[in-house]
Amino acid sequence: GGALLLAVADALVARGVPPVEVRSMLSGGDIDPLAVRVADLTLRRWSFRHGLGWSGGPVLAVTDALAGGGATADLVITNPPFGGRLRRPATSDATAALEVSEGLGPYADVATAFVLAADERTAVDGVTALVVPSSVLAARDVEAARRRLSRRRRLAVVWVDPPRFDGVAIAPLAVVQGPPAGPSMEVRGGEQIEVPAPGPRWSRG
């Protein structure tokens with residue numbers, strides 16, 4: 001728990017942001033209370049290593065990321081659950097409501113709902129970074145969501161990774177969404193390729 005927040009904290013310190021400021025900039029949440037507790041301990045240890053003491057830290061909450069509301073942020077980073085909606089129940093009532101409201105088809109991966117929720121939580125000129133299944137970029141039943149995202153965000157980076165587990169056909173992607181202006185990058189197997197602005201869109205339609 002807290003691996004992504006920890007990576008962000010380290011990256012900000014590497015860019016010269018004082019650790020005390022970094023700690024105040026972070027917040028997070030999960031629907032699983034144990035995951036929130038582990039993340040809290042992880043980030044308290046990070047604070048201690050940077051001389052800030054054990055007490056205090058980012059605001060972490062037990063919350064459903066799909067429930068709506070909440071403040072926007074300059075950076076939203078998440079690794080949502082993957083899975084087909086036909087083979088398991090909705091992860092929450094909020095998931096089901098969001099999927100219906102966005103017109104997602106029956107074969108849309110549940111991770112799509114988190115992509116849309118992350119977009120809502122990101123400031124207009126902010127950045128969203130997500131780990132998602134490749135179907136989010138290609139599946140027909142996700143087209144409505146991709147069209148919506150194309151009106152708001154640019155695909156700034158797509159990092160492609162082959163399936164890593166035997167018997168699992170899902171190919172994970174690391175997708176970074178940014179404001180409309182600026183270059184785009186595609187990363188495959190460690191090779192980074194710049195795509196001239198305005199760069200690719202979520203949807204070509």
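I'll start with the overall picture, then go to the pocket, and then to a handful of residues.

A quick word on the ground rules: this is a predicted model, where local features need pLDDT of at least 70, side-chain atom pairs count only at pLDDT 80 or more, and totals for chains, interfaces and linings use all residues. Residues are numbered from 1 along each chain as its sequence is written, and side-chain values use heavy atoms, with hydrogens and water left out.

Okay, the overall picture. The protein has seven helices and eight strands; those are DSSP runs, helices being H or I with at least four residues and strands E with at least two, numbered from the N terminus. There are 205 residues, and 37% of them are buried. Buried here means under 20% relative accessible area, exposed means over 50%, and partly exposed is in between, with a 1.4 Å probe and protein chains only. The accessible surface comes to about 11400 Å², and 59% of that belongs to carbon and sulfur atoms. Those areas come from the Shrake-Rupley method with a 1.4 Å probe, and for residues only the protein chains shown count as cover.

What about contacts, meaning heavy atoms within 4.5 Å? If you take the contacts with a separation of 6 or more, 68% of them are between residues 24 or more positions apart.

The largest pocket has a volume of about 1700 Å³. It's lined by 47 residues, and the closest to its centre are Leu5, Ser27, Gly28, Val76 and Ile77. How is that defined? On a 1 Å grid over the protein atoms alone, a pocket is an open set of points where a 1.4 Å probe fits, with protein on both sides within 12 Å along at least five of seven lines, and lining residues have an atom within 4 Å of a point. Grid points are joined across faces, edges and corners, and the volume is the space filled by probe spheres set on the points.

Which element gives the largest share of the lining? That's α1, with seven residues. At least two residues each come from α1 (3-14), β1 (27-30), α3 (33-49), β2 (59-62), β3 (73-78) and α5 (111-121). By type, the lining divides into 29 nonpolar, 13 polar and five charged residues.

Gly28 sits in strand β1 and is partly exposed, at 24% relative accessible area. Beyond its neighbours within four places in sequence, Gly28 touches Leu5, Val59, Leu60 and Ala61. Leu60 is 32 residues away from Gly28 in sequence, yet their C-alphas are 4.8 Å apart.

Next, α5. Nine of its 11 residues are buried, so α5 is largely enclosed by the rest of the structure. From Leu116 to Arg146 is 30 residues along the sequence and 9.2 Å in space, C-alpha to C-alpha.

Moving on to Thr122, in strand β4 (residues 122-133). Is Thr122 buried or exposed? Buried, because its relative accessibility is 3%. Its side chain makes a polar contact of 2.7 Å with the side chain of Thr128. A polar contact is a pair of N or O atoms within 3.5 Å; within protein, one must be able to donate a hydrogen and the other to accept it, and residues adjacent in sequence count only if both atoms are side-chain atoms. Leaving out neighbours within four places, Thr122 also meets residues including Ala73, Asp74 and Arg153.

Ala73 lies in strand β3 and counts as partly exposed, at 30%. Setting aside neighbours within four places, Ala73 contacts Arg121, Thr122 and Ala123.

Last one: Pro19, in helix α2 (residues 19-25). Pro19 is partly exposed at 21% relative accessibility. With neighbours within four places set aside, Pro19 has contacts to Val13, Trp46, His50 and Leu52.

That's my tour, thanks!

How values were computed: Nonpolar A, V, L, I, M, F, W, Y, C, P; charged D, E, K, R; others polar. Contact = heavy atoms within 4.5 Å.
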